[in-house]
Structure formats: structure tokens, C-alpha cells
Amino acid sequence: FDRGVTHLVAFEFSGAKWERARGWTTAKIVNHRWLEECVRRWARVDEAAFGLRSGKEEDELANAVPDSEDEDGVEDATRKELS
């Protein structure tokens with residue numbers, strides 16, 4: 001790990017590599033979703049939005065918010081089946 005590194009893809013924003021990269025202006029620290037988005041688009045994506053929260057925080061948020069559910073937690077398809 002040296003100054004030739006351009007990106008540090010980190011699940012958690014902690015640890016020795018993260019601390020070291022934080023002090024460098026040349027290395028961008030991003031979560032794993034940046035890499036996934038680059039592959040999805042087949043292009044380098046701007047890193048700014050992917051350095052705000054760690055991958056761990058992103059995953060916790062994704063798991064905490066239900067996808068297509070109403071406030072009562074019953075999905076629309078289930079509601080129609082019960083009617």
C-alpha cells in the first residue's frame with residue numbers, strides 16, 4: 001500500500017489502511033457500492049457520494065428500510081391476495 005494507490009475500497013471506514021489513506025490527497029476512500037456502480041455502468045463513477053458512508057453503514061441502512069411496503073408492513077400484492 002503506497003502513494004501509487006488511487007482508491008481504497010473499504011467495507012468499514014476504520015483500520016490501518018483506512019487511517020493511512022485518509023492522510024493522502026491522492027487516494028479516494030469509497031465503499032463497495034462505488035465499485036459495483038462502476039461495473040454496472042462500465043465506466044468510472046464520481047467517488048463523492050460513495051465516500052460519505054462505509055459499506056457497513058450502507059448495508060445496515062438497506063436492511064433497515066423495507067422495499068415496497070406500506071407503513072403497516074404489508075406489501076401491496078399481499079394486501080390484494082387477502083381482499
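This note sets out several points on the structure shown above.

1. Basis. The model is predicted: local features need pLDDT of at least 70, side-chain atom pairs count only at pLDDT 80 or more, and totals for chains, interfaces and linings use all residues. Residues are numbered from 1 along each chain as its sequence is written, and side-chain values use heavy atoms, with hydrogens and water left out.

2. Overall fold. The chain holds four helices and two strands, in the order β-α-β-α-α-α along the sequence. Helices (H or I, at least four residues) and strands (E, at least two) are DSSP runs, numbered from the N terminus.

3. Burial. Of the 83 residues, 25% count as buried. Buried means under 20% relative accessible area, exposed over 50%, and partly exposed in between (1.4 Å probe, protein chains only).

4. Cores. The largest nonpolar core consists of eight residues, L8, A10, F13, W18, A21, W24, A27 and I29. Such a core is a set of buried Ala, Val, Leu, Ile, Met, Phe, Trp, Tyr and Cys residues joined through side-chain atoms within 4.5 Å. A second, separate core of five residues includes W34, C38, V45 and F50.

5. Residue W42. This residue lies in the loop between α2 (32-41) and α3 (55-64). W42 counts as exposed because its relative accessible area is 76%. Its phi is positive, about 55°, although W42 is not a glycine. Most residues other than glycine have a negative phi.

6. Residue V9. Strand β1 (residues 7-9) contains V9. With a relative accessibility of 38%, V9 is classed as partly exposed.
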